[in-house]
Amino acid sequence: MNTKIIKTTWQTLVIIGVLLLMNSCFNTTKKVDTEISDTMTYPSDVIPFMDEFSILCGDGTSFKDLENVEHKDFFYVSNDGKTDWVVYKTPNSGVTSKTSNNTRTELGQKKHWIPETGGKLTGTLKVQHVSISGDARVAASYSVVVGQIHSDEGHENEPLKIFYKKFPGHKKGSVFWNYEINTEGDNSKRWDYSTAVWGHDMSVVGSSPTTYPEEPEDGIELGEEFSYEINVYKGVMYLTFSSKEHETKQFTKDLLNSEFSKKSEIPQQVLTLYAAIGRDGVERVNGYADEIQYFKQGAYNQTNGKNPEENIVWSTGAETYNGDIVKQYANGCYTEVWFKHATVGAGTMPNEK
């Protein structure tokens, strides 16, 4: 017998066996990876309208196509044991748009429209967290905007911002909406008029940096669901707010004819809140008529690290850890909003769905 041939054959068989084993392991790994990918849930799986929006996140990352997209720690899906929710999370300080001091993880509608044409946005959400840091005297402290109409021309003002705000130590927070005037002339004189939905309006503030007003009896808790509908039809904005344990509230605002075109028409709320920063402008007579608009939705954090002495309405003096997002998240200096349902489309005649 030729022992050399037997030895060579045995070595060949061992090599072939090893190669087959390696190939089997490779195929198994590939299969597992595929299975993980197939079970991944993206925001676009939860709220299908994502193809109609782009997003800017709190670290400055933006995405124009949101199909099968997530961004860890900013825009992703979480399950509360019953339901998948789209999470929008953003720190007090990060990277934001060139026209704002506030960070956001917020959708921006790609399709634009004018009030005369109209549009509709709905959302069902729960606010999970607002910043625990800020100056209680500042109206914007401890708050987040969860839905907007934003102008895309002229002064680029905001005919609607929907807020949630909760003071530290309070169990319940407030939901309110603001209308920002489309200023006639100098836009540095602009102001918001705030209307309470549940709880307080924006003008209710603390008497010192750490002294808070009374907790609202009819407020909304963190983690408590509520819904809104923004319906702009033939130049009029119709707002509906609903929540299981609260009275449904409805409001109407004409976007084509101003209520605030004269000094005598400026509400006392505005004169009091904005007195320290000298904002007492008036609105153009035709409001936002013929001006291009679009919807926004998500978490637009209103708490920032700016000095309150420079702007007692909007500069909240919050802790930002020099922009370190990890430290802000670890120490409660962020906002987090969860949506489980939302739609966008054309405006409809009121009471028609």
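This short talk goes through the charged residues and the cysteines of the structure above. Please keep in mind that the model is predicted, with local features needing pLDDT of at least 70 and side-chain atom pairs counting only at pLDDT 80 or more, while totals for chains, interfaces and linings use all residues. Residues are numbered from 1 along each chain as its sequence is written, and side-chain values use heavy atoms, with hydrogens and water left out.

Let me begin with the salt bridges, where a salt bridge is a side-chain nitrogen of Lys or Arg within 4 Å of a carboxyl oxygen of Asp or Glu. The count comes to 15 salt bridges. One of them joins D80 to K126, with the closest N and O atoms 3.2 Å apart, and this pair links distant parts of the chain, 46 residues apart. Is K126 buried or exposed? K126 counts as buried because its relative accessible area is 10%, and buried means under 20%, exposed over 50% and partly exposed in between, using a 1.4 Å probe and protein chains only. D80, at 34%, is partly exposed.

Another salt bridge is between E106 and R104, whose closest N and O atoms are 2.9 Å apart. E106 is buried, with a relative accessible area of 2%, and R104 is buried as well, at 4%. Together with K296, these residues are linked in a network of salt bridges.

Finally, the cysteines: how many disulfides are there? With a disulfide taken as a pair of cysteine sulfur atoms within 2.5 Å, the count comes to zero. C57 is buried at 0% relative accessibility, and C333 is buried at 2%.

Conventions:
Helix = DSSP H or I, 4+ residues; strand = E, 2+ residues; numbered from the N terminus.
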